[in-house]
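These are my notebook entries on one chain. I wrote down what I looked up, in the order I looked it up.

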Amino acid sequence: MKRLSGSNKEISKILAAEQLELSRQNADVDEAVRQIIEAVKKEGDQALRDYSERFDGVSLTDFEVDQSLIDQAFAEVDPAVLSALENAKANIESYHRQQMEKGFEDQPSQGVIRGQVIRPIERVGVYVPGGTAAYPSSVLMNIIPAKIAGVKEIIMITPPQEHFVPAILVAAKLAGVDKIYQVGGAQGIAAMAYGTETIPKVDKITGPGNIYVATAKKQVYGLVGIDMIAGPSEIGVIADDSANPKYVAADLLSQAEHDVLARAILVTDSQELADAVEAEIEKQLKALPREAIARPSVENNGRIIIAANKNDMFDLMNQVAPEHLEIAMEGAYDYLDRVQNAGSVFLGHYTSEPIGDYYAGANHVLPTTATSRFSSALGVHDFIKRIQYTQYSKTAVNQAEADITTLAYAEGLQAHAKAIEVRNDKD
């Protein structure tokens, strides 16, 4: 792993340059996705069939996954996996129920009522990757908050496969999906954004995917809502000399095995810990089945940052703004108020990041590439709308007229002013 040391200012400058590089767009992918979206807009289901043959090698006559395949998945799924999914579902539900928002209403003065009501989004589409990137935990994390929010219809799309991973279909049904369609890639995102003869147009799209899926989500944003533009997985660990290097190394590798582009970053004020973690990473890599993925990840994107003190450790990690942040320090909970930017925080030596991925209940759909500076984990709030309302009596309008019309005329919007003046008692 590459090491960074020096003053806080020097390290910060290097991190900023690396962050800028991560955000650069791939023009070739952008254009290819644009063409796919246009084809789906014009040709609907036929375009989906053509792309399924071209990209997935599958000839489809029916896109919907029928009940017989779902029943087969329940028959085939490992009972231990089913039990784990049910337990995870219970934890995810109990956590996300606490995110439910309530409306409000007040009467600040006589004749004036103001308020806000909460309404669920009507139809949501969830994208689920196929192939080796089959993550039933992500199915639960995307669908359950939408169900709790009260979304009326949830559809799921996933690339066509000769044999679906049973846990994917099982997780979808446990979470409460309404329909499942076998279509993937940018064409699947386009289908949900615009609608086809078979696949209904949705109001919001969530779920992870490769660069083509992420680019398609970005291009359809505005026509539909999206959860976020997700980049490669990230983990940041803040650790002092109380940390166990074996634990820290294992946690860094837990994200490095996702993708050769994944980032694993350790910030510490202990040179001895840095040395021990680096040695431990090499030792654990050699025994890792996904070494071919994890090794280039840590060698090319991994960073060990030696900070001068604990304040600098938190300042630098707040700049990284990682998707996952572990605080591997004694009394870790007491440092929580120093965290400004992170998708999800894991406190203490025993709270390994995979606890959040699979089981604890907090969502694992998280902002990446430093976007935790302005965005948050997926939650119930992503599947609701806040609708404002206001009511003024005739007397209240007349009392507010001078202020309203003064501002309207100041902005050069005479029709705004007239709309108030026509309600004046003198008219």
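Entry 1: I began with Y51, which counts as buried because its relative accessibility is 11%. Buried means under 20% relative accessible area, exposed means over 50%, and partly exposed is in between, with a 1.4 Å probe and protein chains only. I note that this is a predicted model, in which local features need pLDDT of at least 70, side-chain atom pairs count only at pLDDT 80 or more, and totals for chains, interfaces and linings use all residues. Residues are numbered from 1 along each chain as its sequence is written, and side-chain values use heavy atoms, with hydrogens and water left out.

**Entry 2: aromatic pairs.** I then looked for ring pairs. A pair of aromatic rings is described by the distance of the centres and the angle of the planes. Rings of Phe, Tyr and Trp (its six-membered ring) pair if their centres lie within 6.5 Å; planes under 30 degrees apart count as stacked, over 60 as edge-to-face, and the rest as tilted. The count by this rule is three aromatic pairs. One of them is Y51 with F55, which is stacked because the ring centres are 5.5 Å apart and the planes are at 5 degrees.

Where do Y51 and F55 sit? They are four residues apart in helix α3 (residues 45–56), so about one helical turn separates them. Helices (H or I, at least four residues) and strands (E, at least two) are DSSP runs, numbered from the N terminus. An α-helix has 3.6 residues a turn, so residues three or four places apart point the same way. F55 has 41% relative accessibility and therefore counts as partly exposed.

I also noted F314 and Y335, a stacked pair with 5.6 Å from centre to centre and 10 degrees between the planes. This pair links distant parts of the chain, 21 residues apart: F314 is in helix α13 (residues 310–320), and Y335 is in the loop between β12 (324–328) and β13 (344–347). Both F314 and Y335 are buried.

**Entry 3: a first annotated set.** I looked up the UniProt record. Its unreviewed entry has a "binding site" annotation that covers Y127, Q187 and N210. UniProt positions are given in the numbering used here, feature names are shortened, and annotations may be inferred rather than shown by experiment. The three span 84 residues in sequence, but no two of their C-alpha atoms are more than 12.6 Å apart, so they gather at one spot.

Q187 is in helix α8 (residues 185–194). It counts as buried because its relative accessibility is 3%.

N210 lies in the loop between β7 (204–206) and α9 (211–220). At 45% relative accessibility, N210 counts as partly exposed.

**Entry 4: a second annotated set.** For "binding site", the unreviewed UniProt entry also lists Q255, H258, D357 and H416. Are these residues gathered or spread in space? They are spread, with up to 55.2 Å between C-alpha atoms, over 162 residues of sequence.

Q255 lies in helix α10 (residues 245–256). Its relative accessible area is 1%, so Q255 is buried. Leaving aside neighbours within four places, its contacts include S233, H324 and D357; D357 is also on the UniProt list.

H258 is in the loop between α10 and β10 (263–268). With a relative accessible area of 30%, H258 is partly exposed. Beyond its neighbours within four places in sequence, H258 contacts Y135, S233, R290 and I293.

**Entry 5: strands.** Two strands pair if DSSP finds at least two bridges between them. Strand β3 (residues 112–120) runs antiparallel to strand β2 (residues 104–106), with three bridges. β3 also runs antiparallel to strand β14 (residues 384–392), with nine bridges. Q116 in β3 stands opposite F104 and opposite Q388 in β14. The hairpin of β2 and β3 has five residues between the strands, and G111 there takes a positive phi near 85 degrees.

**Entry 6: one more helix.** In helix α12 (residues 291–301), the buried residues are A294, R295, S297, V298 and N301. Their cover includes α10, β10, α11 (271–285) and β11 (303–306).

Terms used: Contact = heavy atoms within 4.5 Å.
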